[in-house]
Each structure stands twice: as structure tokens, then as C-alpha cells.
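Please look over the structure below before reading on.

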Amino acid sequence: MKGKEKNGSMLTDAEKRRLERFEKISEDMIRQGYVRHDLTVGMGKANMFAILLLIPLVVVGFGLYYLVNRGLEFSDFNPLIFIAAIVALTVVHELIHGACWSLFTPHRFKDIEFGIMKPSMTPYCACLVPLKKQQHVFGTVMPLILLGILPMIVAIAIGNLDLLLIGIIMADGAAGDIMIISMILGYRSAAKEIVYMDHPTEAGGVVFER
């Protein structure tokens, strides 16, 4: 079964359940005196940012590699293995989100949901409970660091172009995470209590403050 969101997009059963849970939590937070502010971003904008981000990643990554290793040469590049590695690391990306966020949730992995967005067949991870700013940012940024930045640094240090390319792609795959982090860090409020929660059906999250 599928249902329609207010914007007319089709929702899967999992998305509907997540939306219902989110709305209940949202209503409870509002009853407790919190005010809700959405920090979401359209997928079109996120995709455009990913395209633009790829340019500096390639220029900086390959530029530093060339300066350190005095050349650019792939070692026995196998496209099938490369694609398989990217697919596997995309899943690992979401597992890292979940593992990091679960460190701060009341019921650990029971408060984390994994799934696949059917239209794009893209894996996702969602935290189903509110978190503090530092906690949310920590779980959001770790895939970028572990799968993007660190592999790029190691690749440049050891002279492995295959690993560098993987690091660049995984860093670019975290473009949406970078946008979310920038929105969270850029949000200014004088409220004494602020928590952040993933939006159940859109890219980005929601702020509850009082």
C-alpha cells in the first residue's frame, strides 16, 4: 500500500509509519511547550549542490595527489569491482549514521530505521527520536569523515588513485549531509532547550525549541 503526502508525492508503508510516529512526537513536544521549525531542503537543490561539490573535490583531490606523487596513474582499475565497492560503501554510509546516532538514543538501534527509497533504490537511515545538536551533527558527519575525507588523505599519502576516486565519490555522496550540518550549525536561537530530529519524508530535519 502507498499513501499520499500533502505535497502529492507517494509514500511507502514504511514512510507512512515513520510520518505517523513523527507527528505524534511532534504533537507531544508542542504540548510540552516546544516550538517546531523545519530545516528541510528540496532534493533538486541537494542534487545541484552535489554536482557543484564534485568540482572542488576533484580539483583539490587530484591536485594534491599530483603534487605529492608527481603523477596520475591508476593501478589495474577494474570498473566492476569499483562499482561494487561504491554500492557496498553506500550501505556502510547509512550504517555509520545509525551506529553513531544510536549511541545517544534511549533504545539504541530500536530508535534507528534503515530502509530503501524505492523510486531511486537508495538506502537511507533515519533517527526516530530527537537529539541534541552535537549528537545529531556527530552522527551526520561521520560517514563523510570515515568514507570520504580519510580515504582521500590515505590515498594521497600512499599513492593510490583508485582509493582517491572512491574517497571523492563518497565525499560527494555526503553532499546532503553537509547541507543538513550547515543548516543545523547556522540555526541561531536564544531558546534554552533545543533538540533536532530527522524529517520522516523530506531531506533535512526539524528543530524543537523552548
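The model is a predicted one, and the values given here are computed from its atoms.

**Fold and dimensions**
- The chain contains 6 helices and 7 strands, and along the sequence these elements come in the order β-β-α-β-α-α-β-β-α-α-α-β-β.
- Along its principal axes, the box filled by the C-alpha atoms of the chain is roughly 60 × 45 × 30 Å.
- Of the contacts in the chain that link residues at least 6 apart in sequence, 65% are between residues at least 24 apart.

- The chain has 210 residues, and 41% of them are buried.

**Cysteines**
- The count of disulfides comes to 0, where a disulfide would require two cysteine sulfur atoms within 2.5 Å.
- For Cys100, the closest cysteine sulfur belongs to Cys125 and lies 9.5 Å away, which is too far for a bond.
- Cys125 likewise takes part in no disulfide, since its nearest cysteine sulfur, that of Cys127, is 7.6 Å away.
- Cys100 counts as buried because its relative accessibility is 10%, and Cys125 counts as buried because its relative accessibility is 11%, the cut-off for burial being under 20%.

Notes. Residues are numbered from 1 along each chain as its sequence is written. This is a predicted model: local features need pLDDT of at least 70, side-chain atom pairs count only at pLDDT 80 or more; totals for chains, interfaces and linings use all residues. Side-chain values use heavy atoms; hydrogens and water are left out. Helices (H or I, at least four residues) and strands (E, at least two) are DSSP runs, numbered from the N terminus. Buried means under 20% relative accessible area, exposed over 50%, partly exposed in between (1.4 Å probe, protein chains only). Contact means heavy atoms within 4.5 Å.
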